[in-house]
Amino acid sequence: MGGSSEKNKNAELILIPSPGIGHLTSSLEFAQLLINRDNRLSVTILCIKFPFTPFADSYIRTALASQPKIKLIDLPLVEPPPRELALNSPEHYIWTFMESLKPHVRAIMQNILSHPVVGLVLDIFTMSMVDVGDELGIPSYMFMTSNVAFTAFMLFLLSRRMEDVFSDSDPDLSIPGFPDPVPPSVLPDAAFNKDGGYATYYKLAKRFMDTKGIIVNSFSELEQYAIDALSEEGQSRTPPVYAVGPLIDLKGQPNPNLDQAQHDKVLKWLDEQPGSSVVFLCFGSMGGFGPSQTREIALALQGSGLRFLWAMRSPPTSDNADRTLPEGFLEWMEEGKGMVCGWAPQVEVLAHKAIGGFVSHCGWNSILESLWFGVPILTWPIYAEQQLNAFWMVRGYELAVELKVDYRRGSDLVMAEEIEKGLKQLMDGDNVVHKNVKEMKEKARNAVLTGGSSYIAVGKLIDNMLGSN
């Protein structure tokens, strides 16, 4: 007994996050939450170098610059799979890439084992490292950077077969964790992918069951229905779910795409706008639209008469604006109605008193940030599980206004009239969504306070981890 207590005075966790910024943000917040909560814990993060995420390394080092109890170890560069694999199925590409890293993870972890390691915390896309943990006798936990509902969808796949790829013509689905039937049109692209995407999801879901716990960046007041569904009889093999969020980077790490002058210009413009008058349009680190869709958005903004801040990945210049924007749009905008920028400091923008609504791709981090600051969303999902997030927010909980819940880039064009109607509905302060979002803002903030639901869940998780050695 004394030996176990001695070990727990310095218990180490190994964290292997996916290198995408959307995954890293909450993973690093989680690591810092653990070491701040319990001084017995230290964390080692294995940093993956991935061909499509060049800024991941600098982001990690900046975010953790003042955390001596979090150590970083770089995994070696490995030969990536053929690029065409990524075009056929990004999920299958990532799975194949992670498999090639296993020997390197094993070698590094064997060196670390001179310390007491109480757990291996894996991201959804690094789940195959469960094998390494099993070999070395280290229990694995999954940190889900999305929500409990998406976790429920993934586990639902295990009631099917690995070859049962979904089809658009399938009937609506009864998925434990969703209060309403789920139309196939809101499932992630991978669910329909016959080139390894669906099979990858299925294999990842199977690995969920090999963990000691599923840690989710969510909170029970938001997703109690889904948490209960995973705990009910018939789901008894499902590992315990720990809702520990919202985990949000409120400091806003420096973005390599955003220079200080641009940052200051955006916030200065917002300072000059009336309270709750500006609609913020931002579609994530990988979101963007072609010229036709960009033009429709611009026409809708003009037609709505609303003030706006529009973050585009590649904003038009006076030289090429005529190819993507309606004639005279930039001149009209510069009269004070709006601002177009390349990148915006999203957390600071959503926190600003001038913002009254958010047109979003419905990435999970963005949804949590919008709830934290009480800013309602107009849903425009683009990729990954965003369609499912949008459906869940609109139909399940009335926490967002629907523009689209089943948008597919490349096959859909949303016309200006529809966007304008959605914008006006979003900015209507009497909308029930505004009331619901304000209430959920309070619940989100209370969840992480001492004695709140997420605070309690973190305590139970740490007890589970330290009791496992």
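The chain of this predicted model has a mean pLDDT of 91, and 95% of its residues reach 70 or more; pLDDT is the predictor's confidence in each residue, from 0 to 100. Over residues 1-7 pLDDT stays under 50, and the model has 3 contacts beyond four places in sequence for them (contact: heavy atoms within 4.5 Å). Because the model is predicted, local features need pLDDT of at least 70 and side-chain atom pairs count only at pLDDT 80 or more, while totals for chains, interfaces and linings use all residues. Residues are numbered from 1 along each chain as its sequence is written, and side-chain values use heavy atoms, with hydrogens and water left out.

**Aromatic rings**

Searching the whole structure gives 21 aromatic pairs. Rings of Phe, Tyr and Trp (its six-membered ring) pair if their centres lie within 6.5 Å; planes under 30 degrees apart count as stacked, over 60 as edge-to-face and the rest as tilted. Two of the pairs are tabulated.

| Pair | Geometry | Centre to centre | Angle between planes |
|---|---|---|---|
| Phe50 and Phe52 | edge-to-face | 5.7 Å | 75° |
| Phe289 and Trp380 | tilted | 4.7 Å | 40° |

Phe289 is in the loop between β8 (278-282) and α11 (291-304), and Trp380 is in the loop between β12 (377-379) and α16 (386-396), so this pair ties together parts 91 residues apart in sequence. Helices (H or I, at least four residues) and strands (E, at least two) are DSSP runs, numbered from the N terminus. Phe289 and Trp380 are both buried. Phe50 is buried too, at a relative accessible area of 14%, whereas Phe52 is partly exposed at 37% (buried: under 20% relative accessible area; exposed: over 50%; partly exposed: in between; 1.4 Å probe, protein chains only).

One aromatic cluster consists of Phe150, Phe153, Phe166, Tyr198 and Tyr201. The charged end of Arg160 sits over the ring of Phe166, 3.6 Å from its centre. Likewise, the charged end of Arg37 sits over the ring of Tyr455, 3.5 Å from its centre. The criterion is NZ of Lys or CZ of Arg within 6 Å of the ring centre and within 35 degrees of the ring normal.

**Helix α18**

The 16 residues of α18 (residues 432-447) should span 22 Å at 1.5 Å a residue, and the end C-alpha atoms are 23 Å apart, which agrees; the expected span is 1.5 Å times one less than the number of residues. Val433, His434, Asn436, Val437, Met440, Ala444 and Ala447 are its buried residues. Seen down the helix axis, these fall within an arc of 155°, so they line one face of α18 (the arc is that of the directions from the axis to the C-beta atoms). Their cover includes α9 (220-231), β11 (355-360), α15 (364-372), β13 (400-402), α17 (416-426) and α19 (453-467).
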